[in-house]
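This report goes through one structure part by part. Keep the sequence and the model in view while reading.

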Amino acid sequence: MELKNSRIIVTGSAGFIGFHVADRLLRNGYTIVGVDNMNDYYSPELKYSRWRLLQKFPNFSFHQTDLCDQAALSDLFEKNGFDVVTHLAAQAGVRYSLDNPHAYIDSNLTGFVNILECCRRYDVRHLVYASSSSVYGLNDKLPFSEDDSVDFPVSLYAATKKSNELMAHTYSHLFKLPTTGLRFFTVYGPWGRPDMAVFKFTKAILEGKPIDIYNDGCMKRDFTYIDDIVDGIIGVIPKIPQADPLNPQTTPASARAPYRLYNIGHNQPVELMRLIEILENTLGKQAIKNFLPMQPGDVMETYADINKLKKLVGFEPRVSIEDGIVRFVEWYKKYYAIAVV
């Protein structure tokens with residue numbers, strides 16, 4: 001697929017990953033339509049700051065639209081005739097889903113089926129959408145492979161992401177809609193989400209407030225820097241899945257339909273206490289640690305097998321956790337105008 005002249009929509013364009021994807025595509029000269037509902041799950045001001053940066057590009061247009069608004073979304077697709085849909089909007093967060101289940105049903109299920117319907121009706125050539133490493137749930141085989149079963153999610157967020165994968169396969173099978181799902185592994189970096197560990201810990205350490213550390217810090221996460229994530233997403237966009245009627249269809253990642261799933265992670269899990277140590281060294285300040293038990297919905301470790309994505313697009317994470325934390329802290333201090341002490 002020739003990407004240069006494609007009409008591309010990025011949902012969640014004021015969100016963390018969506019902003020970075022839109023920014024990279026805009027810098028490379030593509031015309032992008034961004035969509036976001038600008039909700040208040042976390043500080044809307046951070047979302048508006050991202051949006052203002054994208055607004056500086058003449059090849060960017062923005063629509064504040066809720067994906068649950070089927071009529072508004074359909075109108076947007078009809079008027080623009082998109083070739084590619086990069087669907088990165090979702091209600092994020094594992095712990096938030098424990099108390100706010102309906103937010104996930106509305107955004108991640110209703111919103112997603114509206115996207116699928118628009119893709120089907122308006123002849124979209126490729127839907128690339130965000131899934132999550134959380135779908136692996138209680139799997140204890142490491143690293144996580146796309147061929148593993150994902151039948152035991154431990155949070156509603158994870159269940160909605162697995163549902164997205166199932167819904168996408170149905171549309172790929174019934175309507176020959178090419179879909180690619182990307183299972184993100186703990187994304188961090190500049191302009192990140194305030195509810196994520198790197199952001200929360202940085203803020204608390206700088207303010208001299210305690211940080212909550214679950215399960216004595218014995219958990220590991222496959223922290224993946226945002227630039228590496230963007231490389232993978234943009235690499236996948238022109239790789240339109242093809243139907244394969246001879247596929248044995250024996251695992252979640254194999255399908256006869258034009259449907260594919262890929263892990264996108266760093267392939268190097270980091271223990272939580274090591275992350276905190278790197279932050280302390282970078283900030284030049286010790287954390288006040290508040291140790292708590294394991295939380296419902298959490299998993300002990302995430303670890304991405306990235307061989308399939310490497311084979312497809314040569315995906316190779318380049319930013320180490322040490323360098324990534326330095327870049328994040330530099331952005332954080334600049335954005336919040338905190339002097340280095």
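## Helices α1 and α8

Helix α1 (residues 16-27) packs against helix α8 (residues 226-236) at an angle of about 65°, and their axes are 10 Å apart. The crossing of α1 and α8 is right-handed. From α1, the contact is made by F16, I17, H20, V21, R24 and L25. From α8, the residues are I226, D227, I229, V230, D231, I233 and I234. By class, the contact of α1 with α8 has nine nonpolar, one polar and three charged residues.

The model is predicted. Two packed helices are described by the angle between their axes and the distance between the axes.

Helix α5 (residues 101-121) and helix α6 (residues 156-175) pack at an angle of about 15°, with their axes 10 Å apart. Angles under 35 degrees count as roughly parallel, and α5 and α6 are therefore roughly parallel to each other. Their crossing is right-handed. On the α5 side, the contact is made by P101, Y104, N108, L109, F112, V113, L116, E117 and R120. On the α6 side, L156, Y157, T160, S163, N164, M167, A168, Y171 and F175 take part. The residues of the contact of α5 with α6 divide into 12 nonpolar, four polar and two charged.

Helix α5 also packs with α3, at an angle of about 35° and with the axes 10 Å apart. The crossing of α3 and α5 is right-handed. Here α3 contributes Q70, L73, S74 and F77, and α5 contributes N114, I115, C118, C119 and R121. The residues of the contact of α3 with α5 divide into five nonpolar, three polar and one charged.

## The sheet

Which strands make up the open sheet, and in what order? There are seven strands, in the order β3-β2-β1-β4-β5-β6-β11, and their pairing is parallel. Strands β3 (60-64) and β11 (259-264) stand at the edges; each has a single partner strand, so one side of each is left without a neighbour in the sheet. From one strand to the next, the twist averages 20°.

Within the sheet, strand β1 (residues 8-11) and strand β4 (residues 84-87) run parallel and are joined by four bridges. The bridge partner of V10 in β4 is T86. Helix α3 (residues 70-80) lies across β1, β2 (32-36), β3 and β4, and runs at about 180° to β2.

## Aromatic pairs

A pair of aromatic rings is described by the distance of the centres and the angle of the planes. The structure holds 28 aromatic pairs. One of them is formed by Y188 and Y225: the ring centres are 5.5 Å apart and the planes stand at 70°, so the pair is edge-to-face. Y188 lies in strand β7 (residues 187-188) and Y225 in strand β10 (residues 224-225), so the pair ties together parts that are 37 residues apart in sequence.

## Backbone details

Most residues other than glycine have a negative phi, and most peptide bonds are trans.

The peptide bond from L142 to P143 is cis, with omega near -10°. P143 is placed in the loop between β5 (126-132) and α6. D123 is not a glycine, although it has a positive phi of about 55°. The loop that holds D123 lies between α5 and β5.

Key
Residues numbered from 1 in each chain as written. Predicted model: local features only at pLDDT ≥ 70, side-chain atom pairs only at ≥ 80, totals over all residues. Heavy atoms only, no water. Axes fitted to C-alpha atoms, helices over the stretch in contact; angles between N-to-C directions. Helix = DSSP H or I, 4+ residues; strand = E, 2+ residues; numbered from the N terminus. Parallel < 35°, antiparallel > 145°, perpendicular 65-115°, else oblique. Left-handed = near helix turned anticlockwise from the far one by under 90°. Contact = heavy atoms within 4.5 Å. Nonpolar A, V, L, I, M, F, W, Y, C, P; charged D, E, K, R; others polar. Pairing = 2+ DSSP bridges. Phe/Tyr/Trp six-rings, centres within 6.5 Å; stacked < 30°, edge-to-face > 60°.
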